[in-house]
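Work through the exercises below with the sequence and the 3D structure in view. Each task is followed by a solution in steps.

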Amino acid sequence: MKVVIAPDSFKESLSAPDVAAAIARGWLEVFPQAEICLRPMADGGEGTVDALLAAVGGERRLLKVKGPLGVEVQAHWGWLTGNTAVIEMAAASGLALIARDQRDAARASSYGTGQLIRAALDAGARHVILGLGGSATNDGGAGLLQALGARLLDSDGQPLASGGGALAGLKTIDLSGLDPRIGHVSFEVAADVDNPLCGPKGASAVFGPQKGANPQQVSELDAALQHYASVVAQTLGQDHSQVPGTGAAGGLGFAARAFLNAGFRPGVELIAELSGLAQSIVGATLVITGEGRFDSQSLHGKTPIGVARVAQAANVPVIVLAGSLGDGYQEMYQVGIQAAFSLVPGPMTLELACASADKELQARTVDIARLWRLGRGV
């Protein structure tokens, strides 16, 4: 029996390698002779760097940068062979870096992510994989641009303050100081969503509330991003705001597309390719994947769906383990997933669920393995 374990991280709880290890322990408790193949995954958000380093090797590098609210944080990025850098914005500008009661979508900045890109350029990167997801920001990538030398100015010619709220006062963008090395680097965005920058499906409306924005702020932030997009269009002569994926990471996808000329790929597709997931699944009996929350939103580029599509092509069944199951998760049965299970054994707080995720992952996997043994008559 060969079982491929290819989960994403459980945000604010366990890394993808830790999730995979817990599932493996549970399966081996019932089937100690099973062949286990661990393939930790990511979709562009938290864990993207570690998933790629685990898949292809490389060096994990550290850098102190400005966090989303300006407080210095220790961020990490990856250096791969072939002068390729892997950067996940969650490490420098992520939601997990801010306490829940301090989240401020109007003020949070992507500046630290720009500092990571600058470090990659200093190292001689010729190819940058930029993972978008898990962001605390709603600034359209304005902070990233400022870190790379662009100047965003108000009507008095003064630099804008940090954050998406300040974009309402943007008058001009001065690109004379933008790092010229950008033009010699290939940027590839690994995104887990396909939202445009603005509108009812845009960055502010869909993701703003989880970053601390109330309904009035969501409206104000969306208007600020629309204004920002119009100034960018005047500056560059092209409007990128409705391109799918530009709303990723609080609109950082927009800046990557407009100013870095980045190409977009679903993050899970990119990591599956680099990790050799398809080859690992050949000859497998079962694939187990998972993420923190599994619901209808998972259809839009999340890890379990990407893994299921690869497994479906090999005619291998897939089971999902999730921290919680949300509305519409049953839609996933149409894309090759046979069953989905929540870890939570009963009513509990989110904090307790996160703290006990390792134990519950192993316990649920034991239950699934015992059921599998019963169904197979082994």
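**Exercise 1. Describe the open sheet of five strands and what packs on it.**

Step 1. The strands of the open sheet follow the order β2-β1-β11-β12-β13, with parallel pairing. Two strands count as paired if DSSP finds at least two bridges between them; strands (E, at least two residues) and helices (H or I, at least four) are DSSP runs, numbered from the N terminus.

Step 2. The edges are held by β2 (35-38) and β13, each with a single partner strand, so one side of each has no neighbour in the sheet. On average, neighbouring strands are turned by 25 degrees against each other, direction ignored. Axes here are lines fitted to C-alpha atoms, for helices over the stretch in contact, and angles run from 0 to 180 degrees between N-to-C directions.

Step 3. Helix α1 (residues 16-30) packs on the sheet and touches β1, β2, β11 and β12; its direction makes about 170 degrees with that of β2. Contact means heavy atoms within 4.5 Å. Helix α13 (residues 357-376) also packs on the sheet, touching β11, β12 and β13, and its direction makes about 145 degrees with that of β12.

The model is predicted: local features need pLDDT of at least 70, side-chain atom pairs count only at pLDDT 80 or more, and totals for chains, interfaces and linings use all residues. Residues are numbered from 1 along each chain as its sequence is written, and side-chain values use heavy atoms, with hydrogens and water left out.

**Exercise 2. Find how the strands are bridged, and which residues stand opposite each other.**

Step 1. Strand β1 (residues 2-5) runs parallel to β2 and is joined to it by four bridges. V4 has C37 in β2 as its bridge partner.

Step 2. Between β11 and β12, also parallel, there are seven bridges; I288 stands opposite I319 in β12.

Step 3. Five bridges pair β12 with β13 in the parallel sense, and V320 stands opposite A340 in β13.

Step 4. Six of the eight residues of β12 are buried, so this strand is largely enclosed by the rest of the structure. Buried means under 20% relative accessible area, exposed over 50%, and partly exposed in between (1.4 Å probe, protein chains only).

**Exercise 3. State which residues of the largest nonpolar core touch the most other members.**

Step 1. A nonpolar core is a set of buried Ala, Val, Leu, Ile, Met, Phe, Trp, Tyr and Cys residues joined through side-chain atoms within 4.5 Å.

Step 2. The largest core has 56 residues, of which I117, L152 and Y228 touch the most other members. Helix α8 (residues 248-259) gives the most to this core, with eight residues.

Step 3. Leaving out residues up to four places away in sequence, the contacts of L152 include A142, L160, L167, I173 and Y228.

Step 4. Another core, of 35 residues, lies apart from the largest one; A51, L52, L270 and M332 are among its members.

**Exercise 4. Classify the ring pair of Y228 and F254.**

Step 1. Rings of Phe, Tyr and Trp (its six-membered ring) pair if their centres lie within 6.5 Å; planes under 30 degrees apart count as stacked, over 60 as edge-to-face and the rest as tilted.

Step 2. Y228 and F254 are 5.5 Å apart centre to centre, with 65 degrees between the planes, and the pair is edge-to-face.

Step 3. Y228 belongs to helix α7 (residues 215-236) and F254 to helix α8, so the pair ties together parts 26 residues apart in sequence. Y228 is buried, at 0% relative accessible area, and F254 is buried at 1%.
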